[in-house]
Amino acid sequence: MSTTREELAAILAPVRHVLLDFDGPVCSVFAGFPAADVARRLADLLTGPDGPPPGHELTDPLAMLRHIADARPELVPAADGALVQLEVEAVAHARPTEGAVQFLEACAATDRQVWLVSNNATAALDRYVDTHQLKTLVAGCFGRVPGRPQSMKPSPELLLATLRAAHAEPAEAIFIGDAVRDIEAAHAAGMSAIGYANKPGKAQALTAAGAVSVVTTMRALAQAGPS
Ligand SMILES: [Mg+2]
């Protein structure tokens with residue numbers, strides 16, 4: 001599916017609040033500290049007399065956290081706390097997504113507030129925003145609720161919390177993300193979603209999930225311009 005610049009501009013026209021996924025649309029969080037290494041470190045940190053934590057073989061640390069929450073909820077505080085530190089370490093080596101800053105600037109120029117809404121830890125989002133001097137372009141950061149992996153997308157919890165903070169209705173907001181769970185979370189929160197297909201095969205999946213539009217670059221969104 002390809003969306004023209006005019007179609008994108010029309011989709012963005014009523015939007016006053018852009019809810020933006022972090023890992024993908026803003027940066028590649030684990031570009032320098034690979035997710036598989038983070039997952040291994042997390043599993044090592046949580047290995048105790050009872051052995052490794054549930055899901056220790058997973059290469060996605062967020063999936064491991066979810067798994068731990070399901071199988072060993074008593075381990076969640078330690079697991080989440082350890083993962084926060086690893087994510088903060090990871091964002092120091094994150095690779096910015098091309099066109100992301102231009103998109104943030106385009107939103108600022110058209111009086112749209114941008115909120116980062118992510119399954120990653122708020123501390124990691126804050127650190128990235130700080131390091132890359134994006135504070136004036138980002139209204140707020142909503143990472144997963146500490147100790148509550150259930151708050152992660154596809155749950156709409158973080159999106160609804162953002163809407164409350166923004167005093168916004170779903171109709172004046174849109175969510176932009178690169179995963180099917182982002183589209184699902186948006187719909188569950190009553191808002192539309194734009195898919196960012198940064199890898200082959202993602203466009204089809206995001207379209208099938210009901211994204212109103214799918215872009216393959218953040219630059220395309222930045223250039224959709226004011227309307
Ligand atoms: Mg993402």
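T162 is buried, with a relative accessible area of 0% (buried means under 20% relative accessible area, exposed over 50%, partly exposed in between, with a 1.4 Å probe and protein chains only). The model is predicted, so local features need pLDDT of at least 70 and side-chain atom pairs count only at pLDDT 80 or more, while totals for chains, interfaces and linings use all residues. Residues are numbered from 1 along each chain as its sequence is written, and side-chain values use heavy atoms, with hydrogens and water left out.

**Exercise 1.** Locate T162 and identify the residues that it touches.

*Solution.* Step 1: T162 belongs to helix α7 (helices, H or I with at least four residues, and strands, E with at least two, are DSSP runs numbered from the N terminus). Step 2: leaving out residues up to four places away in sequence, T162 touches L19, W115, V117 and F142 (contact means heavy atoms within 4.5 Å). Step 3: helix α7 (residues 157-166) packs on the sheet, where it touches β1, β4, β5 and β6. Its direction makes about 150° with that of β4 (axes are lines fitted to C-alpha atoms, for helices over the stretch in contact, and angles run from 0 to 180 degrees between N-to-C directions).

**Exercise 2.** Determine the strand order of the open sheet and describe its edges.

*Solution.* Step 1: the six strands follow the order β5-β4-β1-β6-β7-β8, with parallel pairing (two strands pair if DSSP finds at least two bridges between them). Step 2: β5 (140-144) and β8 (213-215) are the edge strands, each with a single partner, so one side of each has no neighbour in the sheet. Step 3: from one strand to the next, the twist averages 25°. Step 4: β4 (residues 113-121) and β5 run parallel and are joined by four bridges. L116 has C141 in β5 as its bridge partner, and A121 stands opposite R144 in β5. Step 5: β5 is mostly covered, as five of its five residues are buried.

**Exercise 3.** Find which residues coordinate the magnesium ion and where they lie along the chain.

*Solution.* Step 1: D21 (OD), D23 (O) and D178 (OD) coordinate the ion at 2.1 to 2.2 Å (donors are N, O and S atoms within 2.8 Å of the metal, or 3.2 Å for Na, K and Ca; water is not among the atoms, so sites may look incomplete). Step 2: along the chain, the donors have the spacing D-x1-D-x154-D. Step 3: D21 sits in the loop between β1 (17-20) and β2 (27-28), and D178 in the loop between β6 (173-177) and α8 (180-188), so the pair ties together parts that are 157 residues apart in sequence. Step 4: D21 and D178 are both buried.

**Exercise 4.** Describe the surroundings of A186.

*Solution.* Step 1: A186 is found in helix α8 and is buried, with a relative accessible area of 0%. Step 2: apart from neighbours within four places in sequence, A186 contacts L159, F175, M191, S192 and A193. Step 3: the C-alpha atoms of A186 and P156 are separated by 6.5 Å, although these residues are 30 residues apart along the chain.
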